[in-house]
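Please open the model in your viewer and keep the sequence panel at hand.

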Amino acid sequence: MDLNLLWFLLIGVLMTGYAILDGFDLGVGILHLTVKDDTDRRLQLNSIGPLWDGNEVWLVTFGGALFAAFPETYATIFEAFYIPFMLLLFALIFRAVSIEFRSKQKLSLWRHFWDFCFSASSALATFLFGVAVGISMIGIPLNERFIFTGNIFHLLHPYALCVGVLAVAVFAMHGSIYLYLKTEGELQKHARRNFWRAFFFFLAMYLVVSIFTLVSVPRAIENFTNYPWLWIVVILNILAVANIPRAMSQGRPLYAFISSCCTIAAFVFLFSTALYPNLVTSSVDEKMNSLNIYNASSTPLTLTIMTVIAVIGMPIVLLYTAIVYWTFRGKVVLDEHSY
């Protein structure tokens, strides 16, 4: 394995970590308006209160690693996705502001406003993440100098929009299981009802996007011909999806949450497999105009230095994450320091 492939895999690991960890707190935000009582909304906010900003460290690390390891890709992606990324940045900032500002006043109008902002920005951020994945799958128009030659309408492809809706469904399901684990009483029963709605919504979108992918993006399964063992991941993905409702029906929400994490990890893996060896696929000339892990990478010296930093830094990030989750384990309760 060379350094280019190693960093392709490491970036995939960072994307997986972010999708799993920030996925459930974005899901909590998507479902936030489904409860009417102020105490229940505070409980939902406090279930992710100690975790949500730490989860976004994975996104920052992902962006930094992509910039350092594959700078040409970073530049091209931001040029092509400038407007969606600005909307995404706005949504993530507004979401954080909503969490912090909501508890500053007890006026119901004030709190309703920030509740709406929190939920809407969570759904918008998730949808834009999904659209970015969908666009990456179908490719964007790049010329021979790897410069984006399209416009905003190239990003509004029906396939990309469907993947955006699928992302909202996945994170809503993931968030509902997390809320079931962190709450009790009537709020927990409400989370269970939300789970079943979100799961059937996810299942419908999962089937639609799978068929849409096979019809519109046949290139997505080309690597399965060269590496037949990849079908094992597809089978494991289906088994993980099937185990989610099974575990919830048997009263084992932790198993359902683990299966949901595995489902998201499999999605990221299959997405990376569909792209490989490309990072940005050209819809004009895939062979000549695409950015891949070799023509878009930094120098071998840079990748070597980054590898040393990753060997030192990754265990620290994992240890920090584990300590935070262990410290705030158990059911959520309200106190004087709560949101």
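Which residues touch the most other members of the largest nonpolar core? In this predicted model, select F81 and F202: these two hold that position among the 93 residues of the core. Next, colour helix α8, which gives the most to this core, with 15 residues. A further core lies apart from it and consists of five residues, among them F224, V233, A266 and L270.

Return to F81 and display its surroundings. Leaving aside residues up to four places away in sequence, F81 touches A132, I135, S136, I140 and L155.

Now select residues 108-138, which form helix α7. This helix has 31 residues, and the distance from its first C-alpha to its last is 45 Å, close to the 45 Å expected at 1.5 Å a residue. Step on to G139, which follows α7 and has a positive phi, near 90°.

Turn next to the surface and select Y82, I83, M86, L87, L89, I93, I152, F153, L156 and L161. Together these residues form a nonpolar patch with about 950 Å² of accessible area. Helix α6 (residues 82-102) supplies the largest share of the patch, six residues.

Finish at I152, another member of the patch. Where does I152 sit? Its place is in the loop between α7 and α8, the latter spanning 158-182. Is I152 buried, partly exposed or exposed? Its relative accessibility is 33%, and therefore I152 counts as partly exposed, since that class lies between the 20% limit for buried and the 50% limit for exposed.

How values were computed:
Residues are numbered from 1 along each chain as its sequence is written. This is a predicted model: local features need pLDDT of at least 70, side-chain atom pairs count only at pLDDT 80 or more; totals for chains, interfaces and linings use all residues. Side-chain values use heavy atoms; hydrogens and water are left out. Helices (H or I, at least four residues) and strands (E, at least two) are DSSP runs, numbered from the N terminus. The expected span of a helix is 1.5 Å times one less than its number of residues. Patches are made of residues with over 30% relative accessible area and no salt bridge: like charges are joined within 9 Å, nonpolar side chains (Val, Leu, Ile, Met, Phe, Trp, Tyr) within 5 Å. Accessible areas come from the Shrake-Rupley method with a 1.4 Å probe; for residues, only the protein chains shown count as cover. A salt bridge is a side-chain nitrogen of Lys or Arg within 4 Å of a carboxyl oxygen of Asp or Glu. Buried means under 20% relative accessible area, exposed over 50%, partly exposed in between (1.4 Å probe, protein chains only). A nonpolar core is a set of buried Ala, Val, Leu, Ile, Met, Phe, Trp, Tyr and Cys residues joined through side-chain atoms within 4.5 Å. Contact means heavy atoms within 4.5 Å.
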